[in-house]
Amino acid sequence: MPTTKTLREGSTQKRAAILSAARELFLADGFDRSSVDAIAARAEVSKRTVYDYFGDKQTLLQAVVDAVGQSLITTIRRILDDTLTDLTEAAELEDVLVAFSMRIATDMLGSAEYATLQRLVRAQSGHPGENSMADTPDEALAERFAAFAAAGLLEVPDARLAADQFIALTFGVALNRFGSANAAEDPRVRPLIVEGVRTFLRAYQAR
């Protein structure tokens, strides 16, 4: 079996087919019950090709988790661009931060892709790997808060800490309390988000 250093980049189409087949089987049958033979058959490639491209089943699971995570990161950045740009008035802060949080709660946390990531991470729990999303959402939000601070809208000595606290106060509260933050399905989510945004602004809005 090849080592990580000798893995092939190979065909984009074959790589995508293997990832798609692995994702389907990991979700349907579980990681431990999904064989490389079955993944290869579903992807219509040889077993050797799967090993050449990914090395082993554990690395393949990590690649599937990474692919789903990257899709969610793209969603987060799109929501940031849609809601937290071109802000010039402090009076708009509450509305845009609530809009951002509601979009995260519905478009990201309420998405099938997020549910898929959660299931894959649970499958990965006995075979730990890297966190595919890591700190990316927090850091992207921190960048926006730093820009708001530069514009005189917020006072944030530590933008990353402010982002972490914002997340904890808004959809983080809903996740902890309800196990879900899907505002489209649960009307209890929005009031928590609104109050979380207000608490955040009481601490960080420029005086």
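The model I am working from is a predicted one.

Which residues of helix H9 are buried? In this helix, residues 171-178, I listed Phe171, Gly172 and Ala174 as buried. Viewed down the axis of H9, the buried residues fall within an arc of 160 degrees, so they line one face of the helix. I then looked up what covers them, and the cover includes H5, H8 and helix H10 (189-204). Just after H9, I noted that Gly179 takes a positive phi of about 80 degrees.

**Overall layout**

I looked up the secondary structure next. The protein has ten helices and zero strands, and along the sequence the pattern reads α-α-α-α-α-α-α-α-α-α. The protein has 207 residues, and 44% of them count as buried. For the contacts with a separation of 6 or more, I noted that 70% come from residues 24 or more positions apart. The accessible surface comes to about 10700 Å², and carbon and sulfur atoms hold 49% of it.

**Aromatic pairs**

I describe a pair of aromatic rings by the distance of the centres and the angle of the planes. How many aromatic pairs are there? The count comes to six aromatic pairs.

I looked at Phe100 and Phe166, which form a tilted pair with 6.2 Å centre to centre and 40 degrees between the planes. Phe100 lies in helix H5 (residues 93-108) and Phe166 in helix H8 (residues 159-169), so this pair ties together parts that are 66 residues apart in sequence. Both Phe100 and Phe166 are buried.

I then took Phe145 with Phe166. Their ring centres are 5.6 Å apart and their planes stand at 75 degrees; edge-to-face calls for over 60, so the pair is edge-to-face. Phe145 lies in helix H7 (residues 136-150) and Phe166 in helix H8, so the pair ties together parts that are 21 residues apart in sequence. I found Phe145 buried, as is Phe166.

Which residues form the aromatic cluster? I recorded one cluster made up of Phe100, Phe145, Phe166, Phe200 and Tyr204.

**Charges over rings**

The charged end of Arg188 sits over the ring of Phe178, at 3.8 Å from its centre. Lys57 lies over the face of Phe31, with 4.5 Å to the ring centre.

**Two residues of helix H4**

I turned to Thr75, which lies in helix H4 (residues 57-83).

Conventions. Residues are numbered from 1 along each chain as its sequence is written. This is a predicted model: local features need pLDDT of at least 70, side-chain atom pairs count only at pLDDT 80 or more; totals for chains, interfaces and linings use all residues. Side-chain values use heavy atoms; hydrogens and water are left out. Helices (H or I, at least four residues) and strands (E, at least two) are DSSP runs, numbered from the N terminus. Buried means under 20% relative accessible area, exposed over 50%, partly exposed in between (1.4 Å probe, protein chains only). Contact means heavy atoms within 4.5 Å. Accessible areas come from the Shrake-Rupley method with a 1.4 Å probe; for residues, only the protein chains shown count as cover. Rings of Phe, Tyr and Trp (its six-membered ring) pair if their centres lie within 6.5 Å; planes under 30 degrees apart count as stacked, over 60 as edge-to-face and the rest as tilted. A charge sits over a ring if NZ of Lys or CZ of Arg is within 6 Å of the ring centre and within 35 degrees of the ring normal. The arc is that of the directions from the helix axis to the C-beta atoms.
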